[in-house]
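Trainee: I would like to learn how to read the features of a model like this one. Please take them one at a time.

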Amino acid sequence: MAVEYLPVAEVAEVPDGRTKIIKVAGTPIALLSVGGVIYALEHSCPHQGGPIGEGEIEGTTITCPWHDWKFDIRTGANDRDPTILAKTFAVKVVDGLILVEVSRLLGTARRNREIARRVTAGEAPAAVGRELGLSADDVVRIAEAARVGERLEYLSELYIRKGRVGGSDLQGLPLRRHKEADGEMLTALDALTRLL
């Protein structure tokens, strides 16, 4: 697999001792600045999925706000059991831009879109699965999740646009103050929940 770096933010957006949460291929990533060096961790604690990027930074250690699990920002290693790792990403800074190595994320997202495309085109899930080393059930589940994910992305964009068309700019409002989700969005969210 080719190594791919993706520009995700400007260095100025991540002040020293602070974090910025970005999303790549649907995966939230916490960018952290420590002593002028930028690091990247998946914004999901390996313990129970807590928002690790919102935790306290002390030196090169970040503490997950949910259960106080501590991880080394540089390596992702847990302070008590170094075999428990928070996912880290290689980072480069070029001309004031932060670039994150996201090959495995993009590879998985591309594979899932390709599976959805092939199943939608009528290929048998068992045949697709044999080629990729997956069961037919896994192929069906991945294809359905990819379709639901695309639908949710479309609906969320439409939802935000509708709010702006109505005259209110939703950009600065907390999520809980947005209007209620419509039936179509609730149905899509329900389908996604069943798949997880």
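Mentor: Start with Arg118, which is buried because its relative accessible area is 9%; buried means under 20% relative accessible area, exposed over 50%, and partly exposed in between, with a 1.4 Å probe and protein chains only. This is a predicted model, where local features need pLDDT of at least 70 and side-chain atom pairs count only at pLDDT 80 or more, while totals for chains, interfaces and linings use all residues. Residues are numbered from 1 along each chain as its sequence is written, and side-chain values use heavy atoms, with hydrogens and water left out.

Trainee: Which helix does Arg118 lie in, and which residues does Arg118 touch?

Mentor: Helices (H or I, at least four residues) and strands (E, at least two) are DSSP runs, numbered from the N terminus. Arg118 lies in helix α1, residues 103-120. A contact means heavy atoms within 4.5 Å. Leaving out residues up to four places away in sequence, Arg118 touches Glu123, Val128 and Glu131.

Trainee: How do I read a pair of strands?

Mentor: Strands of a sheet pair through backbone hydrogen bonds, either parallel or antiparallel. Two strands count as paired if DSSP finds at least two bridges between them. Here β3 (residues 27-34) and β4 run antiparallel and are joined by 6 bridges. Within this pair, Leu32 stands opposite Tyr39 in β4. The hairpin has 2 residues between the strands, and Gly35 takes a positive phi near 60 degrees.

Trainee: How many residues of β4 are buried, and which residue stands opposite Leu41?

Mentor: Strand β4 (residues 37-42) is mostly covered, with 5 of its 6 residues buried. β4 also pairs with β8 (residues 88-89), antiparallel, over 2 bridges. There, Leu41 stands opposite Thr88 in β8.

Trainee: How is an aromatic pair described?

Mentor: A pair of aromatic rings is described by the distance of the centres and the angle of the planes. Rings of Phe, Tyr and Trp (its six-membered ring) pair if their centres lie within 6.5 Å; planes under 30 degrees apart count as stacked, over 60 as edge-to-face, and the rest as tilted. The count by this rule is 1 aromatic pair. The centres of the Trp69 and Phe71 rings are 6.5 Å apart and their planes are at 25 degrees, so the pair is stacked.
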